[in-house]
Amino acid sequence: MNAKTHSDKLPTTPPIINTDEAQQQASILASALPYLRRYAGDTIVVKYGGHAMGHGELANAFGYDIALLKLVGINPIVVHGGGPQISAMLDRLHLKSTFVDGLRVTDQAMIDVIEMVLAGTVNKQVAELINRAGALAVGISGKDGGLLQARRIQRTKRDPETGEDKPLDIGFVGEPEKIDPRVLYALLGSGLIPVVAPVGAGKDGETYNINADTAAGAIAGAVNASRLLMLTDVPGVLDKDGNLIEELTAEDVARLIADGTISGGMIPKVETCLQAVRAGAKAAVILDGRVPHTCLLELFTRAGPGTLIKA
């Protein structure tokens, strides 16, 4: 029989444990239990973009948040943007961008670059954030499995001489026409987390760049998501005094747009949330993606840091 080595000996003194910190951690876990039960088995769609994508610590925290959701029995679907990454690559290739109503005018050369950046580099980076955190994420684009079937966005421009509205071609910029979520269900059913690049296919096989907010809202409605979480660079919808509005209905949104409280880039975000809710999602939340673990704060605590939008 072999003699015990030095490493087999028990420590003569117990390890030092910070009792207050341990109790605080236990208390946090216990307080989260009702929320864990509430969302168990539900599908949560998260639109990931903005400042959080370009900040290392926030990006890592996001990966852990999504992994945790899956590990506690929730089914997350991530839809990501990538505007700054696209702009950087277009600049490197000396392709100049112009915008109409916030939409990038996209020719054939640009759509090839956009697909490469969104469905390639960015998509795999986001999936890897989640994989490093201990879950299994798979990057796909909206073209995979016919997930995002798109049509070309139509825009018009008023002729200053005649006053007539004339069609304006902005190229391969699309909007969801139909969502086929079977590929998402197949991945979720296999214990995987879908990470979706907002690139869709047209009826004739054309590739379209789709706004990530719009894609996330359409997917959330199609899968009857319990929540659509929209990560942005603002705390949520603010009133005229700059205070956070915690909850809005469709009637509230219409009133606040009419009186100018909701304006600018916030209008399409709240409209996307309303469309998602009307299409089947239970509720949508506009959240500040600059806050670490903002998804967990929204789902598992009473803090509710964003603006909840429901029908």
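The lining of the largest pocket holds 15 nonpolar, 14 polar and ten charged residues. Here nonpolar covers Ala, Val, Leu, Ile, Met, Phe, Trp, Tyr, Cys and Pro, charged covers Asp, Glu, Lys and Arg, and polar covers the others, Gly among them. This is a predicted model, where local features need pLDDT of at least 70 and side-chain atom pairs count only at pLDDT 80 or more, while totals for chains, interfaces and linings use all residues. Residues are numbered from 1 along each chain as its sequence is written, and side-chain values use heavy atoms, with hydrogens and water left out.

Start with the empty space. Rolling a probe the size of a water molecule over the atoms shows where empty space is left. On a 1 Å grid over the protein atoms alone, a pocket is an open set of points with protein on both sides within 12 Å along at least five of seven lines; a cavity is a set of points where a 1.4 Å probe fits but cannot get out; lining residues have an atom within 4 Å of a point. Grid points are joined across faces, edges and corners, and a volume is the space filled by probe spheres set on the points.

Several elements each supply at least two lining residues, including helix H4 (83-92), strand E9 (173-179) and helix H7 (212-222). Helices (H or I, at least four residues) and strands (E, at least two) are DSSP runs, numbered from the N terminus. H9 gives the most to this lining, six residues.

The largest cavity has a volume of about 60 Å³. Among the residues that line it are Ala52, Phe62, Asp65 and His293. H3 gives the largest share of this lining, four residues. By class, the cavity lining has eight nonpolar residues, three polar and one charged.

Next, the strands. Two strands pair if DSSP finds at least two bridges between them. Eight strands form an open sheet of mixed pairing, in the order E5-E10-E2-E1-E13-E15-E16-E14. Strand E5 (137-141) and strand E14 (247-248) stand at the edges with a single partner strand each, so one side of each has no neighbour in the sheet. E5 pairs in the parallel sense with strand E10 (residues 193-197), over five bridges. Gly139 has Val195 of E10 as its bridge partner.

Strand E6 (residues 148-152) and E9 are antiparallel, with five bridges. Ala150 is bridged to Pro176 in E9. E9 and E12 run parallel and are joined by two bridges. Here Val173 has Asn209 of E12 as its bridge partner.

Buried means under 20% relative accessible area, with exposed over 50% and partly exposed in between (1.4 Å probe, protein chains only). The largest nonpolar core has 88 residues, and Val45, Tyr48, Ile130, Ile219, Leu229 and Phe300 touch the most other members. Helix H5 (residues 108-132) gives the most to this core, eleven residues. A second, separate core of five residues includes Val100, Leu103, Ile153 and Val173.

Note on methods:
Core = buried A, V, L, I, M, F, W, Y, C linked by side-chain atoms within 4.5 Å.
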